[in-house]
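Please look over the sequence and the 3D structure shown here before reading the report.

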Amino acid sequence: MSNGTLIVLMAVLFLFFGYMGVPVAFALIASVLLITAFTPVSLASMIAQLFNGVDVEALMAIPFFLLVGDLMTSANVTVRMITLSQTLVGHFRGGLAQVVTIFSMFFAGISGSSAADVAVLTRTLAPEMSREGYDRAFTAALIASASTMANLIPPSIMAVVYGATGNVSIGGLFLAGVAPGVVVGIGLMIYSHFFGPVGFKRKRATFAEFTTATKQAAVPLMIPIIIMGGILTGQFTPTEAGVVAVAYIVLVAIPLLNRRHLRNLPRDMAFTGLLYSIPLITIGAASVFGWMLAYLRGPAMVSEWISTAAGGDPFRIMLLLTFLFVIVGDFIDAVPAIIIFMPIIIELTKNADINPVHMGAVIITTLAFGLITPPYGLALLMASKFVGIKFSKAMLASLPIYVVFFIAIAFTIFFPDIVLWLPKTFLPQSVGCFPNPNGTGYICP
Amino acid sequence: MRFDGLVSQEQRHLKWRFLDPLERLLMVLCGIAITTFSVLVVCDIVTRAIGHPWLWLQETTMDFFLYGIFVGVAACTRRNDHLYLAVLAESMTGNRRLFFELFNRFVVLCVAACMIYFGYLNVLDGFKSLRMPSMTPLAYLYIAIPICGALIALFTIEQMVNGWRNGFPDIPVDERRKSL
């Protein structure tokens, strides 16, 4: 059988197993093991690759960013951030919808997980939105869309996976995600203002109320400063920044804000220990799949097609990749998608001379959009389930919001200078800048 | 310290009670793994900051991280807590449903069998390679794969036997989805 046939067969087997209900990690491994039988590669080396795929130091950041979000949620500390968001934007038209977006931006700076964001918002703000007469389909669509910012605004688990597998600076990716994250946030606020339900009219919070809310939220809001401050000053790697944030929550935030929760910590640790194994075994399995794909010369074939179709133009290449990832993101989860397609991304990035951090920001923004698109829009699936509305209705309500994401993706592609401004300013070496031999600043290509 | 509720009560009819202590043990091990490697990363930062780095810390941290993953995967299998694309089998009924539920688990069982056998071959091969700086054979890490495979096989057989006897439940599809 030709390589092309084997690749198609492997993809079909994976989708068949996956959609029948075999867990993603096992569906990936099973499809690769079956295809391996038609190649001279040994099955033992494929199983070893499962191990090698997770034996990557940078991936250790993932459990910490999950743990940060989980501890903050289970200790009920996030309510203080919701109160602060209400004092900031609660008086706007569609006040609670604005609060959802602002809170998600704050929470995105703490947790790298959309799932945690959806869980918090559907538990806290969704019931209040229902009482104020917000359409439940709109509520689910908005919460799901806002939760995608967790993957854009640092710390982002997608950025960790992308950086670790593509050998791209994770700090640079974190900073490059800020601009598209803010565009999505502002876009959702504009959409909610003009096209969302009106909600109750609230009085603008007084300065005293705002000050009190800020004081109360100060402890959790220190976490983004710790994480990004540590990385930007070069004190910590992303993994270390994650563990310092966890230590801060366990030693400072929970004792100060919810001391009684300390006795639940062992249980929280056990569940997070379980939780991190889910994405990581999928990463291991996806790396097996990606290895076989590379062995069958899949990346070379696809990148050749894309390069030919785009005529070597970097913007066209990014647009075609975006198109590819919108489709891919509809069917499979972002983490395996990044790992499986990483060889293709690397090849195209190199051939078209695209900045790897810029390419990473484009891919991550596109995959974040995939979290609300059917049939595998996981954030939307979770939000519709927790809000108690049919997925099809939530999906219809989310269709106009797609425009916000199209704008964010286009912005990320066509304005690299703005997207890369933060990494160039704070982590110049992450985007390929090198120190000026004169000793004054950096020279950026 | 509170460890109550560590054993999932969902899909109870697919589980043997005598395996509950094993699930609880795996959950505790998950907690120990993440706690230990968190503490070790903190120690790494501190020892480096005071100018006396302990070189073995990074290697040991990685060991706990990797063991944690494979222990967690085994626990996830018993709790049916994996990441799913979709569960079309759950929209079916009767014998068709039984066939596809068993088929899905058969696929998992085959993968587990490969993890046991080929993982064992990797363990044997791992005695030839050493991890730095402790000089311990890589085999001690690779052994997590066949152990994980054996546990997955055990829990999958448990579900197949009980599902065959009692039928598979109609739990909502979305409830079983997990993602980042």
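The report below goes through the contact between the chains, some helices, and the salt bridges.

## The contact between chain A and chain B

This is a predicted model. Chain A and chain B meet in a contact that takes 66 residues from chain A and 66 residues from chain B. Between them the two chains bury about 6,000 Å², and 76% of this lies on carbon and sulfur atoms. A:Met20, A:Phe26 and A:Phe51 supply 12% of the area that chain A buries against chain B, more than any other three residues.

Across this interface there are four residue pairs in polar contact, counting pairs with both residues at pLDDT 80 or more. Several helices of chain A give two or more residues to the side that touches chain B, among them helix 1 (3-20), helix 2 (24-36), helix 3 (43-54) and helix 4 (61-74). Helix 14 of chain A gives the most, with 15 residues. Sorted by class, this side of chain A has 47 nonpolar, twelve polar and seven charged residues.

One salt bridge is found across the interface of chain A and chain B. B:Arg48 forms a salt bridge with A:Glu240, and their closest N and O atoms are 2.7 Å apart.

Helix 3 of chain A is largely enclosed by the rest of the structure, because nine of its twelve residues are buried. The buried residues include A:Met46, A:Leu50, A:Phe51 and A:Val54. On chain A, the buried residues of helix 3 pack against helix 2 and helix 14. On chain B, they pack against helix 2, helix 3 (94-126), helix 4 (139-142) and helix 5 (144-166).

B:Leu66 lies in helix 2 (residues 56-79) of chain B. Leaving out residues up to four places away in sequence, B:Leu66 touches A:Phe51, A:Val54, A:Asp55 and B:Leu141. B:Leu66 has a relative accessible area of 1%, so B:Leu66 counts as buried. The C-alpha atoms of B:Leu66 and B:Asn80 are separated by 21 Å, and the two residues are 14 residues apart along the chain.

## Helix 8 of chain A

Helix 8 (residues 136-147) of chain A has twelve residues. From its first C-alpha to its last, helix 8 reaches 16 Å, close to the 16 Å expected at 1.5 Å a residue.

Why does helix 8 of chain A count as largely enclosed by the rest of the structure? Eleven of the twelve residues of helix 8 are buried, so the helix is largely enclosed. The buried residues include A:Phe138, A:Leu142 and A:Ile143. What covers the buried residues of helix 8 includes helix 6 (95-108), helix 7, helix 11 (178-195), helix 19, helix 20 (391-398) and helix 21 of chain A.

## A:Thr412 in helix 21

A:Thr412 lies in helix 21 (residues 402-414) of chain A. A:Thr412 counts as buried because its relative accessibility is 0%. A polar atom of the side chain of A:Thr412 lies 2.6 Å from the backbone oxygen of A:Ala408. Not counting residues up to four places away in sequence, A:Thr412 touches A:Pro180, A:His358, A:Ala361, A:Val362, A:Thr365 and A:Val419.

## Salt bridges

Over all chains, the structure holds 16 salt bridges. One of the pairs is B:Asp20 with B:Arg78, whose closest N and O atoms are 2.9 Å apart. This pair links distant parts of the chain: B:Asp20 is in helix 1 (residues 20-49) of chain B and B:Arg78 is in helix 2 of chain B, 58 residues apart. B:Asp20 counts as buried because its relative accessibility is 10%, and B:Arg78 is buried with a relative accessible area of 2%.

The side chains of B:Arg131 and B:Glu59 also meet in a salt bridge, at 3.7 Å from N to O. B:Arg131 lies in strand 1 (residues 130-131) of chain B and B:Glu59 in helix 2 of chain B, so the pair ties together parts that are 72 residues apart in sequence. Both B:Arg131 and B:Glu59 are buried.

B:Asp81 forms a salt bridge with B:Arg79, with closest N and O atoms 3.4 Å apart. B:Asp81 and B:Arg79 are both buried. A network of salt bridges links B:Arg12, B:Lys15, B:Arg17, B:Asp20, B:Glu23, B:Arg78, B:Arg79, B:Asp81 and B:Glu158.

Notes:
Residues are numbered from 1 along each chain as its sequence is written. Chains are lettered from A and ligands numbered from 1 in the order in which they are written. This is a predicted model: local features need pLDDT of at least 70, side-chain atom pairs count only at pLDDT 80 or more; totals for chains, interfaces and linings use all residues. Side-chain values use heavy atoms; hydrogens and water are left out. Helices (H or I, at least four residues) and strands (E, at least two) are DSSP runs, numbered from the N terminus. Buried means under 20% relative accessible area, exposed over 50%, partly exposed in between (1.4 Å probe, protein chains only). A polar contact is a pair of N or O atoms within 3.5 Å; within protein, one must be able to donate a hydrogen and the other to accept it, and residues adjacent in sequence count only if both atoms are side-chain atoms. Contact means heavy atoms within 4.5 Å. Buried area is the accessible area (1.4 Å probe) that two parts lose on being put together, summed over both. A salt bridge is a side-chain nitrogen of Lys or Arg within 4 Å of a carboxyl oxygen of Asp or Glu. Ala, Val, Leu, Ile, Met, Phe, Trp, Tyr, Cys and Pro count as nonpolar, Asp, Glu, Lys and Arg as charged, and the others, Gly among them, as polar. The expected span of a helix is 1.5 Å times one less than its number of residues.
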